[in-house]
Amino acid sequence: MRKWQCTTCGDIYDEAIGDPDSGIAPGTRFEDIPDDWMCPTCGSTKDSFEPYTE
Amino acid sequence: MSETPIAKPHVLVIGAGHAGGALVGQLRQFGFAGRITLVGDEPHTPYHRPPLSKAWLKGETTTEKLALKPGSFYEEQHIGLRLGERVQAIEPDAHRVRFDDGTTLDYDWLVLATGARARQLPIPGVGHSNVLSLRNLADAERLRNALKVDRKVVIIGGGYIGLECAATARALGAEVTVVEHAPRLLARVASASIATFLQSEHEAQGVQFRLNTGIDAIEGEHAATAVRLSDGTRLPCDLVILGVGAEPAAELALAAGLACDDGVTVDADCRSSHPDIFAIGDMAKRPIPIYGRPIRLESVPGAGEQARRVAAVLCGREPSAPEVPWFWSDQYDLKLQIVGLIDTDATSVVRGDPASRSFAVFHVKDTRVVCVEAINSPPAFMAGKKLAASGKPVTPSELADSSADLKTIAA
Ligand SMILES: Cc1cc2nc3c(=O)[nH]c(=O)nc-3n(C[C@H](O)[C@H](O)[C@H](O)COP(=O)(O)OP(=O)(O)OC[C@H]3O[C@@H](n4cnc5c(N)ncnc54)[C@H](O)[C@@H]3O)c2cc1C
Ligand SMILES: [Zn+2]
């Protein structure tokens, strides 16, 4: 499981957690999120995310 | 980028904030092979400012995590960093800037990204040590040290920063009063429905409001002990937060003779009145096609879009279509996302029930969505972003009908 970061607001999408509020189940790989998904914090589009390593 | 860049052309960026930070990364992403230097007077690499009033101030995230990019990024990308250094003057004809210590640096293209600074109030007592503004990490550190349980906090200004600080201060157990001289909150930047909704949410969390009220003075010998309001009331306090807006940091540009008018006047490509000097971010006033007039935005998405635009121009690439301005804020568990600017001539319709704490206000002008304010409602924001950009004709009634599918309406 990997993490991705929103370059606009810095939010982390953690594949292990998903984004249940937007119907993205825990364990969903970033690639498998629909293209019209948005950052739950700021509303940036999916292409604003980058791989994130701590 | 593994090859060492050639020395020319040299892009010099002044201001290592959101706009400057986004620009240098974007230039390399677009394949810019020349030299890049990023100068900033703060001691930090570019960092996310929005959490300074929210998650960071609450102690939910660390300073390290605020960085836009890891520290190694700049070296890997051959981006020269000069942090903790301040540019003191620009010499446009010589293509050169002068630092505080008198040394100079030549450039081929100069990008100004010096942002904005917190506005001060011309009232007695604003200089007291416990009267704090919030623009950068140093301000935020002072504020965090001062925000404690049971402290009496008076926040001057009911805009986004004031309200975000109010929410954070309540979460930390402080007593909070917000004083606003306009008759309502967020007067310039949100609709009355959203302002009313947010006010009642803050009241439910224990925040007190004094609207329609000015400030006569901040009292106290060395430190603020009370705020005296225009109606004569005295609000005792341990801390005052000034959230009365920001002013563009345009003095370098002004002194260099660039055209300025509430920020540096730039064209759609963010080029100033001098062809080799660009300005981006909070300091730039730029024409926005859908509004047909120049507007100075103060937002992270705005800074990012302008940075991408300049990067495209400097790399000779076709720039992407202009974005409709958008913004977000969060207070308590409320996520507010706005696309478009408030237009008082538009008709507004509410979709969803504010009592459910998930709803949106659509603003429609001549069948076109010009603005959407969404509270805890990403689908409405997403549809609004599409509609505002496409201009697809809509009717207020279909937007108000919660059973009508938004994706279909926006498609
Ligand atoms: C507390 C807070 C909360 C915010 N919340 C949100 C939010 O939720 N959503 C949103 O969209 N926006 C938000 N904003 C606004 C957003 O942070 C700004 O729009 C954004 O930072 C603008 O980027 P910028 O690069 O133009 O300016 P900045 O990020 O301010 O960067 C400018 C930099 O230039 C430096 N500088 C200035 N003069 C010189 C000089 N002469 N030499 C060298 N360096 C110089 C400054 O010190 C600063 O580091 C918030 C801002 C604050 C302060
Ligand atoms: Zn985001």
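I count a contact as heavy atoms within 4.5 Å.

I am working on a predicted model, where local features need pLDDT of at least 70, side-chain atom pairs count only at pLDDT 80 or more, and totals for chains, interfaces and linings use all residues. Residues are numbered from 1 along each chain as its sequence is written, chains are lettered from A and ligands numbered from 1 in written order, and side-chain values use heavy atoms, with hydrogens and water left out.

**Entry 1: Leu137(B).** I looked up its neighbours, not counting residues up to four places away in sequence. Leu137(B) touches Glu42(B), His44(B), Tyr47(B), Leu52(B), Trp56(B), Thr63(B) and Leu66(B). Leu137(B) sits in helix H4 of chain B, residues 137–146. I take helices (H or I, at least four residues) and strands (E, at least two) as DSSP runs, numbered from the N terminus. Leu137(B) is buried, at 2% relative accessible area. My scale is buried under 20%, exposed over 50%, and partly exposed in between, with a 1.4 Å probe and protein chains only. I also checked Leu137(B) against Val176(B): 39 residues apart in sequence, 22 Å apart in space, C-alpha to C-alpha.

**Entry 2: the zinc ion.** Which protein atoms are the donors of the zinc ion (ligand 2)? I found the SG atoms of Cys6(A), Cys9(A), Cys39(A) and Cys42(A), lying 2.3 to 2.4 Å from the ion. Donors here are N, O and S atoms within 2.8 Å of the metal (3.2 Å for Na, K and Ca); water is not among the atoms, so sites may look incomplete. Along the chain the donors follow the spacing C-x2-C-x29-C-x2-C. The angles among the four donor atoms run from 103 to 117 degrees, and the site is tetrahedral. That label requires four donors with all angles between 85 and 135 degrees. The ideal angle for four tetrahedral donors is 109.5 degrees. I noted accessibility too: Cys9(A) is buried at 10%, Cys39(A) at 0% and Cys42(A) at 0%.

**Entry 3: Thr41(A).** I placed Thr41(A) in the loop between strand E2 (12–14) and strand E3 (49–52) of chain A. Thr41(A) is buried, at 9% relative accessibility. Its side chain makes a polar contact with the side chain of Asp11(A), at 2.6 Å. A polar contact is a pair of N or O atoms within 3.5 Å; within protein, one must be able to donate a hydrogen and the other to accept it, and residues adjacent in sequence count only if both atoms are side-chain atoms. Leaving out residues up to four places away in sequence, Thr41(A) touches, among others, Cys9(A), Trp328(B) and Lys335(B).

Entry 4: I counted zero disulfides over all chains. The rule is a pair of cysteine sulfur atoms within 2.5 Å. Cys371(B) is buried, at 0% relative accessibility.

**Entry 5: positive phi.** Most residues other than glycine have a negative phi. Leu186(B) has a positive phi near 45 degrees. Leu186(B) is in the loop between strand E11 (175–179) and helix H6 (192–204) of chain B, and is buried at 2%. Tyr332(B) also has a positive phi, about 55 degrees. I found Tyr332(B) in the loop between strand E22 (326–331) and strand E23 (334–339) of chain B. Tyr332(B) is buried, at 19%.

Note on methods: Four donors count as tetrahedral if all angles lie between 85 and 135 degrees; four count as square planar and six as octahedral if opposite donors are over 155 degrees apart and all others between 65 and 115; anything else is irregular.
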